[in-house]
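This report concerns selected features of a protein model. Please examine the sequence and structure shown below before reading on.

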Amino acid sequence: MTAQEVRLCGLLLREHFGEVVEKVGTHLLRNGTQNLRTIIHETGIPVDLVKKSLCVLVQHGACVFSSGRKGPGSPTEYQTGCDRILRILRYPRYIYTSKTLYGDTGELIIEELLQRGHMTMSSTVKTVADRLTQNMEEGHSMDYSEVSSTFSKLVETHFLQRCPPLAQKTDVMTTATPATPGAPADPVSTTLSTPESFPDCYKVPHVTLIGRGKRQLSGDDGEDQKNAKKARLDSDTHGDEGIYWQVNFERFHLHFRDQAIISAVANKLDQTTSEIVRTMLRMSEVMTAPTATCTKPLSANEIFRSLPTSYNISRPILDQYLTLLVDDPMEFVGKAGESGGGVYVVNLHRALANLARATLESVVQERFGSRSARIFRLLLRKRHLEQKQVEDFAMIPAKEAKDMLYTLLSQNLVQLQEIPKTPDYAPSRTFYLYTVSQLPTARMLLQNCYKTVANLIERRLFETKDSKRLLEKSQRIEAILASLQASGAEPEQLTEVEEMITAPEKQQLESLRVHINKLDSAENQVDETIFLLESYISSTATLTS
(Lines give C-alpha, C1' and ligand atoms only; values in the text may rest on other atoms or scores of the structure.)
Protein backbone atom coordinates (compact mmCIF):
# COMPACT_ATOMS: atom_id res chain seq x y z
CA MET A 1 0.00 0.00 0.00
CA THR A 2 1.15 3.55 -0.70
CA ALA A 3 1.25 6.67 1.42
CA GLN A 4 -1.70 8.14 -0.49
CA GLU A 5 -3.85 5.07 0.27
CA VAL A 6 -2.98 5.20 3.98
CA ARG A 7 -3.74 8.94 4.08
CA LEU A 8 -7.14 8.45 2.42
CA CYS A 9 -7.98 5.51 4.69
CA GLY A 10 -7.16 7.62 7.75
CA LEU A 11 -9.46 10.42 6.58
CA LEU A 12 -12.31 7.98 5.92
CA LEU A 13 -11.91 6.33 9.34
CA ARG A 14 -11.80 9.71 11.11
CA GLU A 15 -14.89 10.99 9.30
CA HIS A 16 -17.01 7.88 9.98
CA PHE A 17 -15.69 6.49 13.29
CA GLY A 18 -13.64 9.22 15.01
CA GLU A 19 -10.01 9.98 15.74
CA VAL A 20 -9.31 7.01 18.03
CA VAL A 21 -10.42 4.44 15.44
CA GLU A 22 -8.44 6.37 12.83
CA LYS A 23 -5.28 6.16 14.93
CA VAL A 24 -5.66 2.41 15.54
CA GLY A 25 -6.57 1.70 11.90
CA THR A 26 -3.70 3.69 10.36
CA HIS A 27 -1.28 2.14 12.87
CA LEU A 28 -2.29 -1.36 11.69
CA LEU A 29 -2.03 -0.26 8.05
CA ARG A 30 1.50 1.02 8.52
CA ASN A 31 2.82 -1.73 10.78
CA GLY A 32 1.00 -4.84 9.54
CA THR A 33 -0.23 -7.66 11.78
CA GLN A 34 0.05 -6.94 15.52
CA ASN A 35 -1.36 -8.23 18.81
CA LEU A 36 -3.33 -6.19 21.33
CA ARG A 37 -0.41 -5.54 23.71
CA THR A 38 1.78 -4.18 20.89
CA ILE A 39 -0.97 -1.90 19.58
CA ILE A 40 -1.56 -0.44 23.06
CA HIS A 41 2.17 0.08 23.66
CA GLU A 42 2.94 1.71 20.30
CA THR A 43 -0.15 3.92 20.01
CA GLY A 44 -0.32 5.01 23.65
CA ILE A 45 -4.12 4.66 23.65
CA PRO A 46 -5.87 3.23 26.75
CA VAL A 47 -6.67 -0.47 26.54
CA ASP A 48 -10.46 -0.08 26.63
CA LEU A 49 -10.41 2.39 23.73
CA VAL A 50 -8.17 0.12 21.67
CA LYS A 51 -10.54 -2.81 22.29
CA LYS A 52 -13.55 -0.76 21.27
CA SER A 53 -11.75 0.53 18.18
CA LEU A 54 -10.82 -3.00 17.11
CA CYS A 55 -14.42 -4.10 17.65
CA VAL A 56 -15.66 -1.27 15.41
CA LEU A 57 -13.18 -2.23 12.69
CA VAL A 58 -14.09 -5.94 12.92
CA GLN A 59 -17.82 -5.11 12.95
CA HIS A 60 -17.49 -3.23 9.66
CA GLY A 61 -15.26 -5.80 7.99
CA ALA A 62 -12.23 -3.50 8.02
CA CYS A 63 -10.15 -5.75 10.30
CA VAL A 64 -9.62 -9.49 10.67
CA PHE A 65 -8.10 -11.41 13.56
CA SER A 66 -6.29 -14.72 13.81
CA SER A 67 -4.49 -16.85 16.35
CA GLY A 68 -0.90 -15.87 17.01
CA ARG A 69 1.87 -16.93 14.67
CA LYS A 70 3.82 -18.48 17.54
CA GLY A 71 1.36 -21.33 17.90
CA PRO A 72 -1.54 -22.28 20.19
CA GLY A 73 -1.93 -20.04 23.21
CA SER A 74 -0.13 -17.06 21.71
CA PRO A 75 -1.93 -13.67 21.68
CA THR A 76 -4.53 -13.01 19.00
CA GLU A 77 -3.24 -10.83 16.17
CA TYR A 78 -5.11 -8.20 14.14
CA GLN A 79 -4.70 -7.17 10.55
CA THR A 80 -6.37 -4.65 8.27
CA GLY A 81 -6.06 -3.63 4.62
CA CYS A 82 -6.69 -0.54 2.52
CA ASP A 83 -9.11 -2.29 0.17
CA ARG A 84 -11.63 -2.87 2.98
CA ILE A 85 -11.46 0.69 4.30
CA LEU A 86 -11.61 2.30 0.86
CA ARG A 87 -15.04 0.69 0.35
CA ILE A 88 -16.40 3.38 2.71
CA LEU A 89 -15.83 5.87 -0.10
CA ARG A 90 -18.36 3.97 -2.23
CA TYR A 91 -21.15 3.79 0.38
CA PRO A 92 -23.34 6.46 -1.32
CA ARG A 93 -23.11 4.54 -4.59
CA TYR A 94 -24.14 1.26 -2.95
CA ILE A 95 -27.16 2.96 -1.37
CA TYR A 96 -28.18 4.73 -4.58
CA THR A 97 -27.91 1.48 -6.57
CA SER A 98 -30.12 -0.40 -4.10
CA LYS A 99 -32.67 2.43 -4.29
CA THR A 100 -32.66 2.22 -8.10
CA LEU A 101 -33.12 -1.56 -8.10
CA TYR A 102 -35.39 -2.12 -5.07
CA GLY A 103 -36.90 1.24 -4.17
CA ASP A 104 -36.90 3.00 -0.80
CA THR A 105 -37.12 -0.26 1.14
CA GLY A 106 -33.99 -1.69 -0.49
CA GLU A 107 -32.20 1.63 0.04
CA LEU A 108 -32.90 1.65 3.78
CA ILE A 109 -31.92 -2.02 4.20
CA ILE A 110 -28.52 -1.42 2.61
CA GLU A 111 -28.10 1.84 4.52
CA GLU A 112 -28.78 0.17 7.89
CA LEU A 113 -26.37 -2.68 7.18
CA LEU A 114 -23.65 -0.27 6.02
CA GLN A 115 -24.08 1.87 9.14
CA ARG A 116 -24.04 -1.07 11.57
CA GLY A 117 -21.79 -3.53 9.73
CA HIS A 118 -23.76 -6.68 10.59
CA MET A 119 -27.38 -7.22 11.64
CA THR A 120 -29.88 -10.04 11.92
CA MET A 121 -32.71 -10.15 9.41
CA SER A 122 -35.41 -9.60 12.04
CA SER A 123 -33.77 -6.50 13.56
CA THR A 124 -33.10 -5.07 10.08
CA VAL A 125 -36.72 -5.59 9.02
CA LYS A 126 -38.06 -3.96 12.21
CA THR A 127 -35.74 -0.95 11.96
CA VAL A 128 -36.48 -0.34 8.28
CA ALA A 129 -40.25 -0.77 8.75
CA ASP A 130 -40.21 1.75 11.61
CA ARG A 131 -38.25 4.27 9.53
CA LEU A 132 -40.60 3.90 6.56
CA THR A 133 -43.65 4.22 8.83
CA GLN A 134 -42.23 7.40 10.35
CA ASN A 135 -42.26 9.07 6.91
CA MET A 136 -45.76 7.89 5.96
CA GLU A 137 -48.99 9.77 6.41
CA GLU A 138 -50.85 9.44 9.70
CA GLY A 139 -52.77 6.18 9.83
CA HIS A 140 -50.48 4.35 7.42
CA SER A 141 -47.66 1.95 8.31
CA MET A 142 -45.29 -0.45 6.61
CA ASP A 143 -45.92 -4.18 6.99
CA TYR A 144 -42.99 -6.32 8.12
CA SER A 145 -43.75 -8.85 5.36
CA GLU A 146 -43.09 -6.24 2.63
CA VAL A 147 -39.68 -5.40 4.06
CA SER A 148 -38.90 -9.12 4.50
CA SER A 149 -39.78 -9.71 0.84
CA THR A 150 -37.34 -7.01 -0.31
CA PHE A 151 -34.69 -8.38 2.05
CA SER A 152 -35.15 -11.86 0.50
CA LYS A 153 -34.84 -10.41 -3.01
CA LEU A 154 -31.54 -8.75 -2.07
CA VAL A 155 -30.28 -12.11 -0.80
CA GLU A 156 -31.52 -13.95 -3.91
CA THR A 157 -29.58 -11.56 -6.14
CA HIS A 158 -26.55 -11.92 -3.81
CA PHE A 159 -26.40 -8.24 -2.80
CA LEU A 160 -26.61 -9.49 0.81
CA GLN A 161 -24.87 -12.52 2.28
CA ARG A 162 -24.64 -14.27 5.62
CA CYS A 163 -21.67 -13.69 7.85
CA PRO A 164 -19.76 -16.95 8.36
CA PRO A 165 -20.06 -18.37 11.89
CA LEU A 166 -17.58 -17.13 14.45
CA ALA A 167 -14.72 -19.61 14.67
CA GLN A 168 -13.10 -18.37 17.82
CA LYS A 169 -13.40 -15.80 20.61
CA THR A 170 -10.65 -13.59 21.88
CA ASP A 171 -10.20 -11.46 24.94
CA VAL A 172 -11.09 -8.34 22.96
CA MET A 173 -14.20 -9.81 21.49
CA THR A 174 -15.60 -11.00 24.82
CA THR A 175 -15.22 -7.62 26.50
CA ALA A 176 -16.98 -5.61 23.81
CA THR A 177 -20.54 -4.87 22.86
CA PRO A 178 -22.28 -7.31 20.52
CA ALA A 179 -20.32 -5.93 17.61
CA THR A 180 -18.57 -9.17 16.80
CA PRO A 181 -21.04 -11.83 15.68
CA GLY A 182 -20.08 -11.33 12.06
CA ALA A 183 -16.34 -11.67 12.40
CA PRO A 184 -14.91 -13.76 9.55
CA ALA A 185 -14.56 -17.48 10.15
CA ASP A 186 -11.19 -17.55 8.41
CA PRO A 187 -9.43 -14.65 10.11
CA VAL A 188 -6.30 -14.85 7.98
CA SER A 189 -8.26 -14.24 4.81
CA THR A 190 -8.54 -10.66 3.58
CA THR A 191 -11.56 -11.29 1.35
CA LEU A 192 -15.28 -11.50 1.98
CA SER A 193 -16.88 -14.87 2.40
CA THR A 194 -18.02 -16.68 -0.71
CA PRO A 195 -20.71 -19.32 -1.27
CA GLU A 196 -17.96 -21.87 -1.88
CA SER A 197 -16.38 -21.30 1.54
CA PHE A 198 -19.71 -21.10 3.40
CA PRO A 199 -22.54 -23.23 1.92
CA ASP A 200 -25.40 -21.35 3.65
CA CYS A 201 -24.13 -17.95 2.52
CA TYR A 202 -27.35 -17.12 0.62
CA LYS A 203 -29.88 -19.19 2.58
CA VAL A 204 -32.68 -17.06 4.05
CA PRO A 205 -33.89 -18.39 7.42
CA HIS A 206 -37.58 -18.78 8.20
CA VAL A 207 -38.33 -15.69 10.28
CA THR A 208 -41.60 -15.57 12.25
CA LEU A 209 -42.06 -11.82 12.16
CA ILE A 210 -45.64 -10.54 12.12
CA GLY A 211 -46.73 -6.93 12.52
CA ARG A 212 -46.25 -3.44 11.17
CA GLY A 213 -43.83 -0.60 11.65
CA LYS A 214 -44.35 1.71 14.64
CA ARG A 215 -44.04 5.45 14.98
CA GLN A 216 -41.98 7.10 17.69
CA LEU A 217 -44.50 8.80 19.96
CA SER A 218 -42.58 11.08 22.29
CA GLY A 219 -45.63 11.95 24.39
CA ASP A 220 -46.74 8.41 25.16
CA ASP A 221 -44.00 7.01 27.35
CA GLY A 222 -46.17 4.25 28.74
CA GLU A 223 -46.90 2.94 25.27
CA ASP A 224 -43.19 3.09 24.39
CA GLN A 225 -42.33 1.04 27.46
CA LYS A 226 -45.07 -1.44 26.62
CA ASN A 227 -43.75 -1.82 23.06
CA ALA A 228 -40.17 -2.19 24.30
CA LYS A 229 -41.26 -4.89 26.76
CA LYS A 230 -43.22 -6.68 24.04
CA ALA A 231 -40.18 -6.56 21.75
CA ARG A 232 -38.04 -8.14 24.47
CA LEU A 233 -40.59 -10.89 25.03
CA ASP A 234 -40.88 -11.61 21.31
CA SER A 235 -37.14 -11.47 20.64
CA ASP A 236 -36.68 -15.22 21.09
CA THR A 237 -39.41 -16.26 18.67
CA HIS A 238 -38.11 -14.85 15.37
CA GLY A 239 -36.08 -17.92 14.42
CA ASP A 240 -32.93 -16.15 13.17
CA GLU A 241 -30.94 -15.72 16.37
CA GLY A 242 -27.20 -15.76 15.71
CA ILE A 243 -27.61 -15.42 11.92
CA TYR A 244 -26.06 -12.11 10.87
CA TRP A 245 -26.07 -10.49 7.43
CA GLN A 246 -23.65 -8.17 5.66
CA VAL A 247 -23.49 -6.32 2.35
CA ASN A 248 -21.83 -8.29 -0.46
CA PHE A 249 -19.59 -5.57 -1.88
CA GLU A 250 -18.22 -7.79 -4.65
CA ARG A 251 -21.72 -8.27 -6.05
CA PHE A 252 -22.21 -4.51 -6.17
CA HIS A 253 -18.85 -4.15 -7.92
CA LEU A 254 -19.89 -6.67 -10.58
CA HIS A 255 -23.07 -4.66 -11.10
CA PHE A 256 -21.06 -1.43 -11.45
CA ARG A 257 -18.74 -3.12 -13.96
CA ASP A 258 -21.67 -4.38 -16.06
CA GLN A 259 -23.32 -0.95 -15.98
CA ALA A 260 -20.08 0.70 -17.16
CA ILE A 261 -19.85 -1.72 -20.09
CA ILE A 262 -23.52 -1.22 -21.02
CA SER A 263 -23.16 2.57 -20.84
CA ALA A 264 -20.03 2.48 -23.01
CA VAL A 265 -21.79 0.39 -25.66
CA ALA A 266 -24.78 2.77 -25.64
CA ASN A 267 -22.50 5.79 -26.13
CA LYS A 268 -20.45 4.08 -28.85
CA LEU A 269 -23.33 2.51 -30.82
CA ASP A 270 -26.98 2.85 -29.75
CA GLN A 271 -29.53 1.92 -27.10
CA THR A 272 -30.66 -1.30 -28.80
CA THR A 273 -27.10 -2.61 -28.95
CA SER A 274 -26.58 -1.83 -25.27
CA GLU A 275 -29.80 -3.73 -24.44
CA ILE A 276 -28.43 -6.79 -26.26
CA VAL A 277 -25.23 -6.59 -24.21
CA ARG A 278 -27.30 -6.08 -21.02
CA THR A 279 -29.28 -9.24 -21.85
CA MET A 280 -26.07 -11.23 -22.39
CA LEU A 281 -24.63 -10.05 -19.09
CA ARG A 282 -27.86 -10.79 -17.20
CA MET A 283 -28.08 -14.31 -18.67
CA SER A 284 -24.52 -15.21 -17.76
CA GLU A 285 -24.06 -13.42 -14.42
CA VAL A 286 -24.87 -16.55 -12.39
CA MET A 287 -22.72 -18.86 -14.54
CA THR A 288 -19.69 -16.55 -14.86
CA ALA A 289 -17.02 -16.41 -12.15
CA PRO A 290 -16.27 -12.90 -10.79
CA THR A 291 -12.66 -13.10 -12.02
CA ALA A 292 -13.44 -14.52 -15.49
CA THR A 293 -12.05 -12.66 -18.50
CA CYS A 294 -15.23 -13.26 -20.51
CA THR A 295 -18.78 -14.46 -19.92
CA LYS A 296 -20.03 -17.97 -20.62
CA PRO A 297 -20.81 -18.55 -24.35
CA LEU A 298 -24.42 -17.83 -25.34
CA SER A 299 -26.05 -18.82 -28.61
CA ALA A 300 -27.91 -16.29 -30.75
CA ASN A 301 -31.10 -18.33 -30.21
CA GLU A 302 -30.80 -17.99 -26.40
CA ILE A 303 -30.13 -14.25 -26.68
CA PHE A 304 -33.12 -13.82 -29.01
CA ARG A 305 -35.48 -15.61 -26.60
CA SER A 306 -34.25 -13.58 -23.60
CA LEU A 307 -34.51 -10.11 -25.16
CA PRO A 308 -37.20 -7.83 -23.66
CA THR A 309 -40.42 -8.01 -25.67
CA SER A 310 -40.65 -4.22 -25.75
CA TYR A 311 -37.75 -4.04 -28.24
CA ASN A 312 -39.53 -6.26 -30.80
CA ILE A 313 -36.32 -7.17 -32.69
CA SER A 314 -36.57 -9.82 -35.40
CA ARG A 315 -33.99 -12.59 -35.59
CA PRO A 316 -32.24 -11.27 -38.78
CA ILE A 317 -31.94 -7.82 -37.18
CA LEU A 318 -30.45 -9.39 -34.04
CA ASP A 319 -27.84 -11.18 -36.16
CA GLN A 320 -26.91 -7.86 -37.76
CA TYR A 321 -26.53 -6.21 -34.36
CA LEU A 322 -24.36 -9.08 -33.09
CA THR A 323 -22.18 -8.89 -36.20
CA LEU A 324 -21.83 -5.13 -35.66
CA LEU A 325 -20.74 -5.72 -32.05
CA VAL A 326 -18.20 -8.39 -33.04
CA ASP A 327 -16.71 -6.18 -35.80
CA ASP A 328 -16.49 -3.09 -33.59
CA PRO A 329 -12.86 -2.10 -32.79
CA MET A 330 -13.66 -1.91 -29.06
CA GLU A 331 -14.32 -5.68 -29.10
CA PHE A 332 -16.86 -5.68 -26.28
CA VAL A 333 -18.45 -8.81 -27.78
CA GLY A 334 -16.60 -11.73 -29.38
CA LYS A 335 -17.71 -14.75 -31.39
CA ALA A 336 -16.82 -18.12 -29.87
CA GLY A 337 -18.42 -20.53 -32.36
CA GLU A 338 -21.03 -21.13 -35.04
CA SER A 339 -23.43 -23.56 -33.35
CA GLY A 340 -26.99 -22.46 -32.52
CA GLY A 341 -26.86 -19.61 -35.00
CA GLY A 342 -23.56 -18.38 -33.56
CA VAL A 343 -22.10 -18.41 -30.06
CA TYR A 344 -21.12 -15.09 -28.48
CA VAL A 345 -19.35 -13.88 -25.33
CA VAL A 346 -18.85 -10.50 -23.66
CA ASN A 347 -15.10 -9.83 -23.38
CA LEU A 348 -15.02 -8.48 -19.82
CA HIS A 349 -11.25 -7.95 -19.56
CA ARG A 350 -10.99 -6.36 -22.99
CA ALA A 351 -13.92 -4.09 -22.19
CA LEU A 352 -12.28 -2.95 -18.93
CA ALA A 353 -8.97 -2.41 -20.74
CA ASN A 354 -10.67 -0.25 -23.37
CA LEU A 355 -12.56 1.74 -20.72
CA ALA A 356 -9.33 2.32 -18.77
CA ARG A 357 -7.62 3.34 -21.98
CA ALA A 358 -10.36 5.85 -22.77
CA THR A 359 -10.00 7.22 -19.22
CA LEU A 360 -6.24 7.72 -19.67
CA GLU A 361 -6.79 9.47 -22.99
CA SER A 362 -9.41 11.73 -21.40
CA VAL A 363 -7.05 12.68 -18.56
CA VAL A 364 -4.27 13.58 -21.02
CA GLN A 365 -6.66 15.66 -23.10
CA GLU A 366 -7.99 17.58 -20.10
CA ARG A 367 -4.54 18.30 -18.68
CA PHE A 368 -2.41 18.84 -21.78
CA GLY A 369 -4.80 19.54 -24.67
CA SER A 370 -6.14 17.71 -27.70
CA ARG A 371 -2.79 17.58 -29.56
CA SER A 372 -1.04 15.87 -26.66
CA ALA A 373 -3.98 13.47 -26.47
CA ARG A 374 -3.50 12.74 -30.17
CA ILE A 375 0.15 11.84 -29.56
CA PHE A 376 -0.76 9.75 -26.51
CA ARG A 377 -3.46 7.88 -28.47
CA LEU A 378 -1.02 7.32 -31.34
CA LEU A 379 1.60 5.77 -29.02
CA LEU A 380 -1.04 3.52 -27.46
CA ARG A 381 -1.94 2.13 -30.87
CA LYS A 382 1.51 1.97 -32.50
CA ARG A 383 3.35 0.86 -29.34
CA HIS A 384 6.84 2.20 -30.27
CA LEU A 385 7.63 5.28 -32.38
CA GLU A 386 10.61 7.55 -32.92
CA GLN A 387 10.19 11.29 -32.53
CA LYS A 388 10.18 11.87 -36.33
CA GLN A 389 7.50 9.20 -36.75
CA VAL A 390 5.36 10.83 -34.04
CA GLU A 391 5.60 14.17 -35.87
CA ASP A 392 4.63 12.61 -39.20
CA PHE A 393 1.78 10.37 -37.98
CA ALA A 394 0.28 13.01 -35.65
CA MET A 395 0.73 15.76 -38.28
CA ILE A 396 2.12 18.19 -35.69
CA PRO A 397 5.09 20.54 -36.29
CA ALA A 398 8.42 19.21 -35.04
CA LYS A 399 8.96 21.83 -32.32
CA GLU A 400 5.45 21.43 -30.84
CA ALA A 401 5.61 17.63 -30.98
CA LYS A 402 8.97 17.68 -29.21
CA ASP A 403 7.67 19.93 -26.41
CA MET A 404 4.55 17.79 -25.94
CA LEU A 405 6.52 14.54 -25.85
CA TYR A 406 8.90 15.92 -23.24
CA THR A 407 5.98 17.23 -21.15
CA LEU A 408 4.28 13.81 -21.22
CA LEU A 409 7.65 12.19 -20.44
CA SER A 410 8.17 14.43 -17.42
CA GLN A 411 4.73 13.40 -16.08
CA ASN A 412 5.54 9.66 -16.55
CA LEU A 413 2.66 9.32 -19.00
CA VAL A 414 5.11 8.38 -21.78
CA GLN A 415 8.27 6.29 -21.48
CA LEU A 416 11.48 6.48 -23.52
CA GLN A 417 13.13 3.24 -24.56
CA GLU A 418 16.75 3.17 -25.79
CA ILE A 419 17.82 0.54 -28.35
CA PRO A 420 21.58 0.81 -29.02
CA LYS A 421 23.19 -0.40 -32.26
CA THR A 422 26.53 -0.83 -30.47
CA PRO A 423 27.46 -1.78 -26.90
CA ASP A 424 28.79 1.71 -26.08
CA TYR A 425 25.31 3.34 -26.16
CA ALA A 426 26.58 6.20 -28.30
CA PRO A 427 23.70 8.65 -28.94
CA SER A 428 24.43 8.77 -32.66
CA ARG A 429 24.11 4.98 -32.86
CA THR A 430 21.03 4.55 -30.63
CA PHE A 431 17.34 4.41 -31.47
CA TYR A 432 15.14 6.42 -29.06
CA LEU A 433 11.60 5.06 -29.07
CA TYR A 434 8.64 6.60 -27.27
CA THR A 435 6.06 4.21 -25.84
CA VAL A 436 3.09 4.08 -23.44
CA SER A 437 2.68 1.24 -20.94
CA GLN A 438 -1.02 1.21 -20.12
CA LEU A 439 -0.90 -0.78 -16.87
CA PRO A 440 1.83 1.25 -15.06
CA THR A 441 0.19 4.47 -16.28
CA ALA A 442 -3.17 3.30 -14.92
CA ARG A 443 -1.53 2.52 -11.55
CA MET A 444 0.02 5.99 -11.42
CA LEU A 445 -3.30 7.64 -12.29
CA LEU A 446 -5.01 5.57 -9.59
CA GLN A 447 -2.62 6.95 -6.97
CA ASN A 448 -3.35 10.47 -8.24
CA CYS A 449 -7.06 9.75 -7.81
CA TYR A 450 -6.50 8.64 -4.19
CA LYS A 451 -4.62 11.88 -3.57
CA THR A 452 -7.40 13.91 -5.21
CA VAL A 453 -10.15 12.33 -3.08
CA ALA A 454 -8.10 12.87 0.10
CA ASN A 455 -7.66 16.55 -0.84
CA LEU A 456 -11.40 16.89 -1.48
CA ILE A 457 -12.26 15.35 1.91
CA GLU A 458 -9.77 17.59 3.71
CA ARG A 459 -11.17 20.65 1.95
CA ARG A 460 -14.73 19.69 2.88
CA LEU A 461 -13.73 19.16 6.53
CA PHE A 462 -11.98 22.55 6.55
CA GLU A 463 -15.00 24.32 5.06
CA THR A 464 -17.30 22.70 7.63
CA LYS A 465 -14.99 23.49 10.55
CA ASP A 466 -14.60 27.10 9.41
CA SER A 467 -18.40 27.59 9.57
CA LYS A 468 -19.00 25.33 12.56
CA ARG A 469 -20.67 27.95 14.78
CA LEU A 470 -23.02 29.07 12.02
CA LEU A 471 -23.99 25.48 11.22
CA GLU A 472 -24.70 24.72 14.88
CA LYS A 473 -26.88 27.83 15.12
CA SER A 474 -28.79 26.80 11.99
CA GLN A 475 -29.36 23.30 13.38
CA ARG A 476 -30.64 24.66 16.71
CA ILE A 477 -33.11 26.96 14.95
CA GLU A 478 -34.31 24.13 12.70
CA ALA A 479 -34.91 21.97 15.79
CA ILE A 480 -36.89 24.78 17.46
CA LEU A 481 -38.98 25.27 14.31
CA ALA A 482 -39.72 21.55 14.08
CA SER A 483 -40.76 21.47 17.72
CA LEU A 484 -43.04 24.51 17.31
CA GLN A 485 -44.64 23.10 14.15
CA ALA A 486 -45.32 19.81 15.92
CA SER A 487 -47.01 21.64 18.79
CA GLY A 488 -49.13 23.76 16.40
CA ALA A 489 -47.52 27.16 17.00
CA GLU A 490 -48.79 30.38 15.44
CA PRO A 491 -47.23 31.62 12.15
CA GLU A 492 -45.97 34.74 13.92
CA GLN A 493 -43.92 32.61 16.33
CA LEU A 494 -42.40 30.63 13.45
CA THR A 495 -41.50 33.83 11.60
CA GLU A 496 -39.90 35.27 14.73
CA VAL A 497 -37.71 32.17 15.14
CA GLU A 498 -36.74 32.16 11.45
CA GLU A 499 -35.57 35.77 11.72
CA MET A 500 -32.95 34.73 14.27
CA ILE A 501 -30.75 33.96 11.26
CA THR A 502 -29.84 37.21 9.52
CA ALA A 503 -29.79 37.69 5.74
CA PRO A 504 -25.95 37.63 5.49
CA GLU A 505 -25.89 34.40 7.52
CA LYS A 506 -28.48 32.83 5.20
CA GLN A 507 -26.39 33.83 2.21
CA GLN A 508 -23.28 32.35 3.83
CA LEU A 509 -25.13 29.08 4.60
CA GLU A 510 -26.39 28.82 1.01
CA SER A 511 -22.91 29.43 -0.36
CA LEU A 512 -21.49 26.77 1.99
CA ARG A 513 -24.19 24.30 0.96
CA VAL A 514 -23.44 24.80 -2.74
CA HIS A 515 -19.71 24.44 -2.13
CA ILE A 516 -20.10 21.26 -0.05
CA ASN A 517 -22.40 19.74 -2.70
CA LYS A 518 -19.78 20.41 -5.37
CA LEU A 519 -17.09 18.72 -3.27
CA ASP A 520 -19.35 15.71 -2.61
CA SER A 521 -20.16 15.43 -6.32
CA ALA A 522 -16.47 15.62 -7.21
CA GLU A 523 -15.71 12.82 -4.70
CA ASN A 524 -18.30 10.56 -6.32
CA GLN A 525 -17.03 11.31 -9.82
CA VAL A 526 -13.41 10.59 -8.89
CA ASP A 527 -14.55 7.37 -7.20
CA GLU A 528 -16.06 6.21 -10.51
CA THR A 529 -12.63 6.62 -12.10
CA ILE A 530 -11.03 4.82 -9.14
CA PHE A 531 -13.42 1.89 -9.52
CA LEU A 532 -12.75 1.61 -13.26
CA LEU A 533 -8.96 1.67 -12.82
CA GLU A 534 -9.07 -0.77 -9.88
CA SER A 535 -11.22 -3.18 -11.91
CA TYR A 536 -8.82 -3.02 -14.86
CA ILE A 537 -5.72 -3.54 -12.69
CA SER A 538 -7.38 -6.43 -10.83
CA SER A 539 -8.53 -8.04 -14.10
CA THR A 540 -5.02 -7.76 -15.56
CA ALA A 541 -3.48 -9.30 -12.43
CA THR A 542 -5.94 -12.22 -12.65
CA LEU A 543 -5.15 -12.68 -16.34
CA THR A 544 -1.38 -12.83 -15.81
CA SER A 545 -1.48 -15.01 -12.69
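## Crossing of two helices

In this predicted model, helix H15 passes helix H22 in a left-handed crossing. Helix H15 comprises residues 348–368, and its axis comes within 9 Å of that of H22, crossing at roughly 135°. Because of this angle, H15 is oblique to H22.

On the side of H15, the contact is made by His349, Leu352, Ala353, Leu355, Ala356 and Thr359. H22 contributes Thr529, Leu532, Leu533, Ser535, Tyr536, Ser539, Thr540 and Leu543. By class, eight of the residues in this contact are nonpolar and six are polar, while none is charged.

Is Asp527 buried or exposed? With a relative accessible area of 2%, which is under the 20% cut-off, Asp527 is buried. Leaving aside residues up to four places away in sequence, Asp527 touches Leu89, Arg90 and Arg93.

## A sheet of three strands

The model also contains an open sheet of three strands, in the order E4-E6-E5, with antiparallel pairing. Strands E4 (119–120) and E5 (160–162) are the edge strands, each pairing on one side only. In general, the strands of a sheet pair through backbone hydrogen bonds.

Three bridges join E5 to strand E6, residues 244–247, and these two strands run antiparallel. Leu160 stands opposite Val247 in E6. Helix H6 (residues 91–116) packs on the sheet and touches E4, E5 and E6. The direction of H6 makes about 100° with that of E6.

Notes. Residues numbered from 1 in each chain as written. Predicted model: local features only at pLDDT ≥ 70, side-chain atom pairs only at ≥ 80, totals over all residues. Heavy atoms only, no water. Pairing = 2+ DSSP bridges. Helix = DSSP H or I, 4+ residues; strand = E, 2+ residues; numbered from the N terminus. Contact = heavy atoms within 4.5 Å. Axes fitted to C-alpha atoms, helices over the stretch in contact; angles between N-to-C directions. Buried < 20%, exposed > 50% of the residue type's maximum accessible area, 1.4 Å probe, protein only. Parallel < 35°, antiparallel > 145°, perpendicular 65-115°, else oblique. Left-handed = near helix turned anticlockwise from the far one by under 90°. Nonpolar A, V, L, I, M, F, W, Y, C, P; charged D, E, K, R; others polar.
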